[in-house]
Structure formats: structure tokens, C-alpha cells
Amino acid sequence: MADEKKNSGSVPLLDLLLQISPQNTGNVFYVIEGNDDIHYYYTKISQICTDRKLIPIIAHNKKNVIYLRDEVKNRSYDSKYNICFFIDKDYDRNKHIESIYMTPGYSMENFYCSKDVLEKVLILYFISDNNTLHEKITALFDQKYAKFIDSVSLFCAWFFILKRLDVASISFDNEYERIFKIEPDCSISADYSLDDLKKIQYDNHIRNKNIYALKRYIIKHPQMIKGKYIFEFYSKFISYIKICGIKKMAHLNAYTAVNADLTQGAQKFYHP
């Protein structure tokens, strides 16, 4: 019963209405899908709204974010208060929804799992004064990241098409965890084919050539990969680099002592 109420949108709407008051006219309410989104959106919004208090409203799903946007508009609260709405693009068909920010990639997590972010983390928390080692670590990231993308792209192409056909009836996360394993050195353990995926779920409208074409597209546009999967790889790569520093890995051809917990440093960088 509690889940039904939460999914209906009445609970997040009540949460918003209870916090709307003349004292909050200068603050910014940001409506997001889930609790996990707070860290990612807060960091980005706070870079723009530097002098405002940010108040998160958890809508619990995308449908409820849209519902709250409609209620705010119908009650004319959008002209009195600073209320922003955010959703992840996921694999939905929607390209644009009025008054709602939609991520250009799969989700907000994708923004935090890039080479650019890695370089900033290295400079801020690890090797600010060693350009040679910096270059070797980023080159290692490029190598392992490319293999990761190549490995998961077929799975995500299959995932994408089933979602777009609206025939998905399985937990893709469970299947992902069953098929893929990211080893401590960030190598990818995954032995599967399109035929294996079809045995899990298939639809007569799916054409092999379309899936392989989409796979090639995803390799060139990795922001289409589910952010959760990329985030796992990125986090493990940071942990791997920390271990490399401690063990003075020979293949890095450099000796470096880790003076701080790099993983913790990375969390400070992309969390509020």
C-alpha cells in the first residue's frame, strides 16, 4: 500500500506543498527521480545557483516528476517559486518535455565518468606534479575503458531495442550482473553473444542487423550506456590506480606513494 501511494505521486507532491512558503521564495526546489540522484544533481545545480539554498524533492520515478511539473503549472506555483524538474533520458522515446531538464546521455551519472573527470581527480588528489605518470594513467584508462565499452555495447543495444519496443519484462541489471564481471585490474570478464541474449528475451520485430548497427553507434557514443554500469567501471578503475600506487606496479613504469585515499578523493570531487 505504501509503495502504491509513493508511485502515485501524491507523497512527493505533499512533500513539495509542505515546504512551499514565503520564506522559501528565494530558494531553489529541484525535483528528481530518486534519492541516489541528489548527489549528482546537487553538484551541478550548486555551480549555477551559488547563493541559493537547494531543496531536493524526491519524486520516486520519472512519471511522478512529470506529474509534479503539471501540478505546479496548474497551481501557478511556477511563477512564484523557483522549482526545477530533472529526469534521466534512459532509453525512453521522449526527446523533449516542456519545463523539464532531460540528460543528453542515459543518466546524470554519465557526466561523472569521463576522462576529463579522471584527469581532475588525479590532479586534485593524487599526482598534481607528475605529468609523465599522469599521461600513463590516462592512457591506461583509455585502453581499459575502450575494452569495457566494446564488451557492454552489444548488451546495451539489445537492452535499448527491447525498451523501445516496450516489450522488456526482465531485470536488465540482474542479467548484466550475471553476464559481466569487472576484475580488480579493470579487465572485463564477459562471454556472451547475441544468441545468448535472445534466449533471455526476444521479439520478432528485432533484426540482428539493427542491433549490430546500434552496437557500433554506442561504441562511438558511450553516453548511451547505462550510467550505473559506467560508474561501476570508473569507481573500480580509481581503486585499481590506488592499488597500483601502493604496489608500485611495473607496467606503469613509475614509483608513486599514495598520500591520500584516492577513492575517497574522487567521491569528494563528484559528491557535494
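Predicted model: local features only at pLDDT ≥ 70, side-chain atom pairs only at ≥ 80, totals over all residues.

Visitor: At what angle do helix 6 and helix 9 pack?

Guide: The angle is about 130°, and the axes are 8 Å apart. Axes are lines fitted to C-alpha atoms over the stretch in contact, with angles from 0 to 180 degrees between N-to-C directions. Helices are DSSP runs (H or I, at least four residues), numbered from the N terminus.

Visitor: Which residues make the contact?

Guide: Helix 6 contributes residues including Ile 149, Leu 154, Trp 158 and Ile 161, and helix 9 contributes others, among them Ile 211, Leu 214 and Ile 218. Contact means heavy atoms within 4.5 Å. The contact residues divide into 12 nonpolar, two polar and two charged. Here Ala, Val, Leu, Ile, Met, Phe, Trp, Tyr, Cys and Pro count as nonpolar, Asp, Glu, Lys and Arg as charged, and the others, Gly among them, as polar.

Visitor: And how do helix 5 and helix 6 lie to each other?

Guide: Helix 5 and helix 6 are roughly antiparallel. Their axes come within 11 Å and cross at roughly 150°. Among the residues in contact are Leu 118 and Leu 122 of helix 5, with Ile 137 and Phe 141 of helix 6. That contact has five nonpolar, two polar and three charged residues.

Visitor: What about helix 2 and helix 4?

Guide: Helix 2 (residues 10–19) packs on helix 4 (residues 62–74) at about 45°, with the axes 9 Å apart. This pair is therefore oblique. Pro 12, Leu 13 and Leu 16 of helix 2 meet residues of helix 4 including Tyr 67 and Leu 68.

Visitor: Changing topic, what is the volume of the largest pocket?

Guide: The volume is about 500 Å³, meaning the space filled by probe spheres set on grid points joined across faces, edges and corners. A pocket is an open set of points on a 1 Å grid over the protein atoms alone where a 1.4 Å probe fits, with protein on both sides within 12 Å along at least five of seven lines; lining residues have an atom within 4 Å of a point.

Visitor: Which residues lie nearest its centre?

Guide: Of the 21 lining residues, Glu 33, Asp 88, Asp 90, Tyr 106 and Lys 226 lie nearest the centre. The lining divides into five nonpolar, four polar and 12 charged residues.

Note on methods:
Residues numbered from 1 in each chain as written. Heavy atoms only, no water. Helix = DSSP H or I, 4+ residues; strand = E, 2+ residues; numbered from the N terminus. Parallel < 35°, antiparallel > 145°, perpendicular 65-115°, else oblique.
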